[in-house]
Amino acid sequence: MKVVVLSGGRSSEHEISLASGQAVAAGLVEGGQEVVEVKIAKDGTWTSGGEPVEVVPGAGLLEADVAFPVLHGPFGEDGVTQGALDTAGIAYVGSDVLGSSVCMDKLTLKRLCGFAGMPQVDFVQAFTPGWQAAAADLEHPLWVKPSRLGSSVGIVKVEEFEQLEAAVEEAASHDPRVIIEANSSGREVECSVLGNEDPETSMPGEILSDSDWYDYEAKYTEGRMNLAVPAEIGEQTTAKLRRLAAEVFTLAGCAGLARCDFFVEENGSILLNEVNTIPGFTQTSVYAKLWEASGLNYPELLNRLIELAIERHASESTHSF
Ligand SMILES: Nc1ncnc2c1ncn2[C@@H]1O[C@H](COP(=O)(O)OP(=O)(O)O)[C@@H](O)[C@H]1O
Ligand SMILES: [Mg+2]
């Protein structure tokens with residue numbers, strides 16, 4: 001297959017995406033695929049080998065069989081790029097416009113999960129009627145987040161209620177949609193999901209870090225985070241967490257891949273934190289490490305994702321609309 005790997009992008013996760021993109025490109029070559037790398041600059045322009053790349057409706061993309069968006073955050077992981085690829089008529093790895101945008105927006109995903117009875121922390125949307133009073137009732141410390149971002153950018157942990165306004169302002173400087181969440185004191189356990197209609201789940205892994213919470217530094221400073229696989233949460237909780245991961249994947253309309261992140265509390269209850277449709281994707285990123293521990297190596301994982309993209313594209317092209 002000829003695979004276009006898209007990396008970079010307009011979001012603050014640009015550099016993280018470049019690292020993931022490079023690893024994915026190398027892994028695909030190792031797995032026997034032909035790779036064309038397309039870099040998306042911070043100003044949104046697409047280039048390949050320094051030459052501009054155009055996305056033309058119905059014209060495919062660089063005569064490739066499939067595209068692999070390795071983009072994080074706004075414009076890349078939220079359905080915008082997926083829409084451009086749909087417009088070009090090209091198969092691509094991962095979730096479609098709907099699944100991508102639902103998962104990118106923490107508020108929307110949480111509301112959907114609320115309807116479905118998925119266990120999660122309580123939350124309030126800032127600037128909606130009565131939001132301050134509602135936030136005061138949530139379990140503190142509060143977590144204030146831009147609804148559609150990642151890599152912990154713009155997140156403030158609010159210990160004192162007086163700090164709430166400032167935190168909300170900070171989050172709102174990234175996204176006018178701001179979510180305020182109750183605290184979970186649970187352990188952070190993540191599960192990788194792979195598939196389309198009938199997704200498979202990896203062994204869950206626990207994030208162990210010496211920092212107070214899993215902030216940007218802890219995520220991307222070498223040696224600051226340790227992944228314990230399998231997470232030592234017992235057989236029953238493991239099975240339940242994997243079931244919830246597959247459930248939320250389907251509920252949110254995901255395809256191909258997602259990393260589903262949970263809190264596992266002292267009493268064994270499992271709360272969904274978030275779903276990442278394009279998680280960090282180097283060989284040592286959590287998504288790939290969890291599959292490695294579950295018996296699927298990096299090039300195999302990438303090849304499976306290509307297959308799933310082709311399958312989804314083929315099945316979608318049979319729909320009448
Ligand atoms: N409700 C919460 N309770 C406890 N810790 C939280 C909560 N929300 C976020 N955190 C901490 O902040 C980190 C980043 O939050 P998350 O919602 O995963 O944002 P991002 O999309 O940027 O990864 C989490 O990994 C966790 O360490
Ligand atoms: Mg997270």
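The tour goes from the domains to the ligand, then to a sheet, a loop residue and a helix.

Before you click, note that this is a predicted model: local features need pLDDT of at least 70, side-chain atom pairs count only at pLDDT 80 or more, and totals for chains, interfaces and linings use all residues. Residues are numbered from 1 along each chain as its sequence is written, while chains are lettered from A and ligands numbered from 1 in the order in which they are written.

**Stop 1: the domains**

Colour the protein chain by domain: domain 1 is 2-93, domain 2 is 122-181 and domain 3 is 185-310. These bounds come from an automatic or database domain assignment. The centres of domain 2 and domain 3, taken over C-alpha atoms, are 25 Å apart. Where they meet, five residues of domain 2 are in contact with six residues of domain 3 (in contact means C-beta atoms, placed from the backbone, within 7 Å).

**Stop 2: ligand 1**

Now select ligand 1. Which residues come nearest to it? Out of 16 around it, they are Trp-143, Glu-181, Ser-184, Trp-213 and Tyr-214; a residue counts as near if its C-beta atom, placed from the backbone, lies within 6 Å. Ligand 1 lies between domain 2 and domain 3, because both give residues to its shell. Strand S8 (142-146) and strand S16 (270-276) each supply at least two of the shell residues. Helices (H or I, at least four residues) and strands (E, at least two) are DSSP runs, numbered from the N terminus. By type, the shell holds five nonpolar, six polar and five charged residues. Here Ala, Val, Leu, Ile, Met, Phe, Trp, Tyr, Cys and Pro count as nonpolar, Asp, Glu, Lys and Arg as charged, and the others, Gly among them, as polar.

**Stop 3: a four-stranded sheet**

Stay with S8 and show its sheet: it is open, with four strands in the order S7-S10-S8-S9 and antiparallel pairing. Two strands pair if DSSP finds at least two bridges between them. At the edges, pairing on one side only, are strand S7 (123-125) and strand S9 (156-158).

Next, pick strand S10 (residues 178-181), which four bridges join to S8. Three bridges join S10 to S7. Click Ile-179 in S10: it is the bridge partner of Lys-145, and Gln-125 stands opposite Ile-179 too. In a regular strand the side chains alternate between the two faces of the sheet. In S10, Val-178 and Ile-180 point one way, Ile-179 and Glu-181 the other, and all are buried. Buried means 20 or more other C-beta atoms within 10 Å of the residue's own, exposed means 12 or fewer, and partly exposed is in between, with C-beta atoms placed from the backbone.

**Stop 4: Pro-141**

Find Pro-141 in the loop between helix H5 (131-136) and S8. Is Pro-141 buried or partly exposed? It is partly exposed, because 18 other C-beta atoms lie within 10 Å. Leaving aside neighbours within four places in sequence, Pro-141 is in contact with Lys-157, Val-158, Glu-159 and Asn-183.

**Stop 5: helix H3**

Last, select helix H3 (residues 97-104), which is mostly covered, with six of its eight residues buried. The buried ones are Gly-99, Ser-100, Ser-101, Val-102, Cys-103 and Met-104. Show what covers them, including helix H2 (80-88), helix H4 (106-116), strand S15 (256-264) and S16.

Notes: Two residues are in contact if their C-beta atoms, placed from the backbone, lie within 7 Å.
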